[in-house]
Amino acid sequence: MNRRQRVEAVLEGRQPDRTPVCFWHHFGALSPEQTVRAHIKWLEDSGEDLLKMMSDEFFIYPLTGAKTPEDFLKLRPLGRNSTYVRGQIERAGQIMEALHGGVFSLYNAFSPYANLKHAMGQDAAIALMKASPEAFGHILRVIEEDTLLVIEGLLTVSGVDGIMLCLQGAEEGLFSDEDYLRFLRPGEQAIVEQANRFSKRNLLHLCGWDGTPDLLERWKHYESAIVNWDVDVEHVSLSEGRAFFGDRVLLGGFNNRPDAIVNRGDREAVMAETRRILSQAGDARFVLGADCSLPQDVDPIRVRWVIEAIENWG
C-alpha cells in the first residue's frame, strides 16, 4: 500500500499493511513559499502517512486593535475575500498541488473560542466575558462566520481531504456549564457541522495543550471520522478512549511534551514506546501519533524510528 491507501483502509475499516503514522508541529510564521516547502520537507523527511497542515501565518485571528467591549461590538466578519480566509484556502491548495494528490491531508481549523484565546490571551478573553457577555458572544460569532468560510473553501476548493477541528475551552474549572453552553457550544457545533457537510473524513482534536484535564463529555457527541485527545493529560488510555468515543478511528498514543520519549529518547526507547502503544491500541482503526503538536525543532528521524518499529511489529 502507498501512504494514501494505508490511511483510507483504516478509515474504511479495512486492514492496512501496517499502522499509519501522523505527527505534526508548528512551522512558524513563514512566507507562503516557505510554508509550502516546510510541509513537503516534513512529509518527505518523516515518511509519515497523513499530513496535517497548518499555516502559522494565519494562527492569530486579526482583531484590528480591539480592546474595549465597545471595540469588539463594532467588529464584523472579515469575509470571503479577506487575506485571512482566502489566504488559508490558497495556501492549502498550493501544498496540495505540491503533493500531487499522493497523501491523505487534513487542514487545521480552530474553534471560535480557541481562535479568540490565541488572539488576545485566555485571561483577557475571560475578562471580556465577565465585563460584557454581549461583546464576548458577538466576537465569537464573528470569528465563527469567518471560520465557516475557511472550512468551506478548504473542502471545496483547495483539495484537502478533511479538517482537523481543534477544540479548546473545556478545561475543568474554566467555564461553567451554563457559560459553556451559551458561548462556546454554538460555535463548536457550527464548525463541526460545516466540516461534516463537505467531508466525512474529519479529525476531532480535543486539545490538552494547557495541561489541564478537559471535560470530555462536552465534546463526546460531536461527529467525526477520527478522534485525538491528550492521553496523558486526560488520563484516558487508548483502550478506554475506544470505548468512550465509540466507532471512530483513534489517533495518538505518544506524549508530545518536550521532555517526552518521542522527543528526547534514543532510537531504542522510541521504538520500545511504539511497541507499547501498539499493544494497547490493537490493530483496529488506529493511526499512531501524539497527543498534540511536537516541538517545532523536532528531528523527523524520530518519526522514522516509529515507522521502523511498526514495520517490525508482530
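## Terms and model

Two strands pair if DSSP finds at least two bridges between them. The model described here is predicted.

Seven strands form an open sheet in the order 1-2-3-4-5-6-7, with parallel pairing. Strand 1 (50-53) and strand 7 (286-290) are the edge strands, and each pairs on one side only. On average, neighbouring strands of this sheet are turned by 25° against each other, direction ignored.

Strand 4 (residues 203-206) pairs with strand 5 in the parallel sense over four bridges.

Leucine 250 belongs to strand 6 (residues 249-254). Is leucine 250 buried or exposed? Its relative accessible area is 0%, so leucine 250 is buried. Not counting residues up to four places away in sequence, leucine 250 touches Val227, Trp229, Leu238, Arg242, Arg285, Phe286 and Val287. The C-alpha atom of leucine 250 is separated by 26 Å from that of lysine 41, a residue 209 places apart from it along the chain.

## Helices

Helix 4 (residues 83-99) lies across strand 1 and strand 2 (104-110), and runs at about 155° to strand 1.

Two packed helices are described by the angle between their axes and the distance between the axes. Helix 2 (residues 32-46) packs against helix 13 (residues 301-311) at an angle of about 40°, and their axes are 8 Å apart. Helix 2 is therefore oblique to helix 13. Trp42, Glu44, Asp45 and Ser46 of helix 2 make the contact with Val303, Arg304 and Ile307 of helix 13. By class, this contact of helix 2 with helix 13 has three nonpolar, one polar and three charged residues.

Leucine 148 is found in helix 7 (residues 133-158). Leaving aside its neighbours within four places in sequence, leucine 148 is in contact with Ala190, Ile191 and Gln194. The C-alpha atoms of leucine 148 and glutamine 194 are separated by 6.5 Å, although these residues are 46 residues apart along the chain.

## Aromatic pairs

The structure holds eight aromatic pairs. One of them joins tyrosine 61 and tyrosine 84 in an edge-to-face arrangement, 5.0 Å centre to centre with 80° between the planes. Because tyrosine 61 lies in the loop between strand 1 and helix 3 (69-74) and tyrosine 84 in helix 4, the pair ties together parts that are 23 residues apart in sequence. Tyrosine 61 is buried, with a relative accessible area of 2%, and tyrosine 84 is buried with 8%.

Phenylalanine 136 and phenylalanine 183 form an edge-to-face aromatic pair, 5.1 Å centre to centre with 75° between the planes. This pair links distant parts of the chain, 47 residues apart: phenylalanine 136 is in helix 7 and phenylalanine 183 in helix 8 (residues 177-198). Phenylalanine 136 is buried at a relative accessible area of 0%, and phenylalanine 183 counts as buried at 8% relative accessibility. Ring pairs link Phe136 and Phe183 with Tyr113 and Phe175 into a cluster.

Terms used: Residues are numbered from 1 along each chain as its sequence is written. This is a predicted model: local features need pLDDT of at least 70, side-chain atom pairs count only at pLDDT 80 or more; totals for chains, interfaces and linings use all residues. Side-chain values use heavy atoms; hydrogens and water are left out. Helices (H or I, at least four residues) and strands (E, at least two) are DSSP runs, numbered from the N terminus. Buried means under 20% relative accessible area, exposed over 50%, partly exposed in between (1.4 Å probe, protein chains only). Contact means heavy atoms within 4.5 Å. Axes are lines fitted to C-alpha atoms, for helices over the stretch in contact, and angles run from 0 to 180 degrees between N-to-C directions. Angles under 35 degrees count as roughly parallel, over 145 as roughly antiparallel, 65 to 115 as roughly perpendicular and the rest as oblique. Ala, Val, Leu, Ile, Met, Phe, Trp, Tyr, Cys and Pro count as nonpolar, Asp, Glu, Lys and Arg as charged, and the others, Gly among them, as polar. Rings of Phe, Tyr and Trp (its six-membered ring) pair if their centres lie within 6.5 Å; planes under 30 degrees apart count as stacked, over 60 as edge-to-face and the rest as tilted.
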